[in-house]
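Biologist: Could you walk me through a few features of this structure? I'd like to learn how to read them.

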Amino acid sequence: MTRVKSYAALKATSPLEPFDIERRNLNKDDVQIKISFCGVCHSDIHMARNEWGNTSIYPMVPGHEIIGVVESVGEDVKKFTAGDDVGVGVYVDACERCSNCMSDNDHYCEKGIVLTYNSYEYGTKNITYGGYSKRIVVKENYVIKIPQGMDKPKAAPLLCAGVTTYSPLTHFKINKHHKVGIAGLGGLGHMGLKFASSFGSEVVVFSTSDSKRDEAFDMGATHFVNVKNAEDIAKHQNSCDYILDTVSVNRDMSQVFSFLKTDGIIMLVGLPMEPLAISSFSLIDKRKGIIGSAIGSIKETQEMIDYCFKKNIYPEIEIIPISKINEAFDRTINQDVRYRFVIDMSSL
Ligand code: NAP
Ligand code: ZN
C-alpha cells in the first residue's frame with residue numbers, strides 16, 4: 001500500500017479538505033498513474049453532497065476526469081509503459097463477461113461497473129478513490145491512451161463530459177440533416193454543442209443564461225434560445241430532431257418536449273435527484289420520446305479522444321489549484337463557470 005495525498009469530503013455537509021488515502025500495490029494488470037490534471041464534474045458535487053438518494057460513501061475523494069503520466073506497470077501490462085500520457089474516466093472495472101461487456105457496452109455491465117470513486121472494488125469493502133489525488137492505480141483495460149501532443153489540461157474533461165455527450169450523439173448518428181438542441185450550456189452542454197456542430201448539424205442552444213449567448217455562437221451554435229424569453233421560445237417550437245438534455249436541476253419538461261418535432265427524441269444525460277415530471281400529453285402528441293444515456297464505453301472513450309485530437313476539439317476550461325475546489329463547486333452550482341474547472345494537481 002502507498003500513502004497518497006488527496007482531497008476528500010468526510011461527510012455530505014463538510015467542505016473538501018486535505019486527506020491521505022492508501023492506494024493498492026500494483027497487481028499484474030495494473031497501471032500506476034501520477035495525476036497531472038482532474039476536471040470538476042457536476043456529478044462530483046452531487047456525490048460529495050450526497051444528492052443521489054443516500055448513495056454516497058465517505059470519506060470520498062471525487063474526480064473522474066483524470067489525466068496523468070504512467071509511473072510504473074504490473075508485469076502483465078501490455079499496452080502501457082512508464083512515461084505514457086494516459087486518462088481515466090468514470091469507471092475502473094467491469095465484469096468483462098456479461099453480454100454488455102462482450103459487446104463494447106461495458107459501461108452498462110450487468111454486474112455493475114466499479115466507479116472510479118464512490119464504489120467498492122469487486123468483492124471487497126475497499127472504497128475506490130478518484131482523481132482529486134496525487135496518484136491512482138487502475139487496471140490497464142480501463143486506462144485511455146492520450147496521444148502525444150494533445151493539450152493535457154483541456155483533455156481532462158473529455159474523460160466524462162466529452163464521452164457522455166459524444167456517446168448518445170454518435171449512437172443516434174447525428175449528422176448534417178439533423179437539427180439538434182442542447183439544453184443547458186455547462187460542462188457537458190458545451191461539449192455536446194461542439195460535437196453536434198462538428199457533425200454538421202444545425203444546433204440550437206436552450207439556456208437560462210443570456211450571458212452565454214455570444215460564446216454559444218463562437219462554439220458553433222446556429223441559434224440561441226433563452227428559455228425564459230417567450231419570443232425566443234416561439235421560434236423553435238416543433239423543430240428539433242433531437243435534444244441533448246444536460247440540465248442538472250429539475251424543471252418543466254413540457255417546455256423541452258415542445259421544441260421537438262414529430263418523432264423527436266430527448267437524449268437525457270442530466271441527473272437531478274428527483275424523478276422527472278413528464279406529462280403523458282408531452283409524449284403522445286407527435287409521438288415524441290425520451291431516452292437516457294450514461295457516460296460511454298472504454299472503446300467509445302478512446303474513439304472520442306482520438307476524434308478530438310484529430311479535429312482539435314477541446315473544452316473551454318479554467319484551471320484552478322486544489323485549494324480553490326470548494327469555491328469551484330459553489331461557482332459551478334451558480335452557473336458561474338466557462339465551461340469546466342480543471343484542477344492542476346501539482347498544487348497538491
Ligand atoms: P454544469 O456544468 O453545472 O452544467 C449544468 C447546466 O445546467 C448549467 O450550465 C445550466 O446551463 C443548467 N442549469 C443549472 N442550473 C439550472 C437551473 N436552476 N435552471 C435551469 N438550468 C440550469 O454540470 P455538468 O457537469 O455539465 O453536468 C450536468 C448534469 O449531467 C449533472 O446533473 C451531472 O450529474 C450529469 N452527468 C451525467 C452523466 C451521465 O453519464 N449521464 C455524466 C456526467 C454528468 P445554462 O446556464 O445554459 O442554463
Ligand atoms: Zn462526470
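Modeller: Start with contact, which means heavy atoms within 4.5 Å. Helices (H or I, at least four residues) and strands (E, at least two) are DSSP runs, numbered from the N terminus. This is a predicted model, where local features need pLDDT of at least 70, side-chain atom pairs count only at pLDDT 80 or more, and totals for chains, interfaces and linings use all residues. Residues are numbered from 1 along each chain as its sequence is written, chains are lettered from A and ligands numbered from 1 in the order in which they are written, and side-chain values use heavy atoms, leaving out hydrogens and water.

Biologist: Which residues of α4 and α5 meet?

Modeller: On the α4 side, A161, G162, T164, T165, Y166 and L169; they meet G187, L188, M191, G192, F195 and A196 in α5. That contact divides into seven nonpolar, five polar and no charged residues. Here Ala, Val, Leu, Ile, Met, Phe, Trp, Tyr, Cys and Pro count as nonpolar, Asp, Glu, Lys and Arg as charged, and the others, Gly among them, as polar.

Biologist: How is the packing of two helices described?

Modeller: By the angle between their axes and the distance between the axes. Axes are lines fitted to C-alpha atoms, for helices over the stretch in contact, and angles run from 0 to 180 degrees between N-to-C directions. For α4 (residues 161-171) and α5 (residues 187-198), the angle is about 45 degrees and the axes are 8 Å apart. The pair is therefore oblique; angles under 35 degrees count as roughly parallel, over 145 as roughly antiparallel, 65 to 115 as roughly perpendicular and the rest as oblique.

Biologist: What about α4 and α10?

Modeller: α4 and α10 (residues 298-311) pack at about 100 degrees, with axes 10 Å apart, so these two are roughly perpendicular. G162, V163, Y166, S167 and T170 in α4 meet E300, T301, E303, M304 and Y307 in α10. This contact has four nonpolar, four polar and two charged residues.

Biologist: And the backbone: what should I look for?

Modeller: Most residues other than glycine have a negative phi, and most peptide bonds are trans. N54 isn't a glycine, yet its phi is positive, about 60 degrees. N54 sits in the loop between α1 and β4, and P59 is in the loop between α1 (42-48) and β4 (66-73). Y58 and P59 are joined by a cis peptide bond, omega about -5 degrees. Another cis bond joins R338 and Y339, with omega about -10 degrees.
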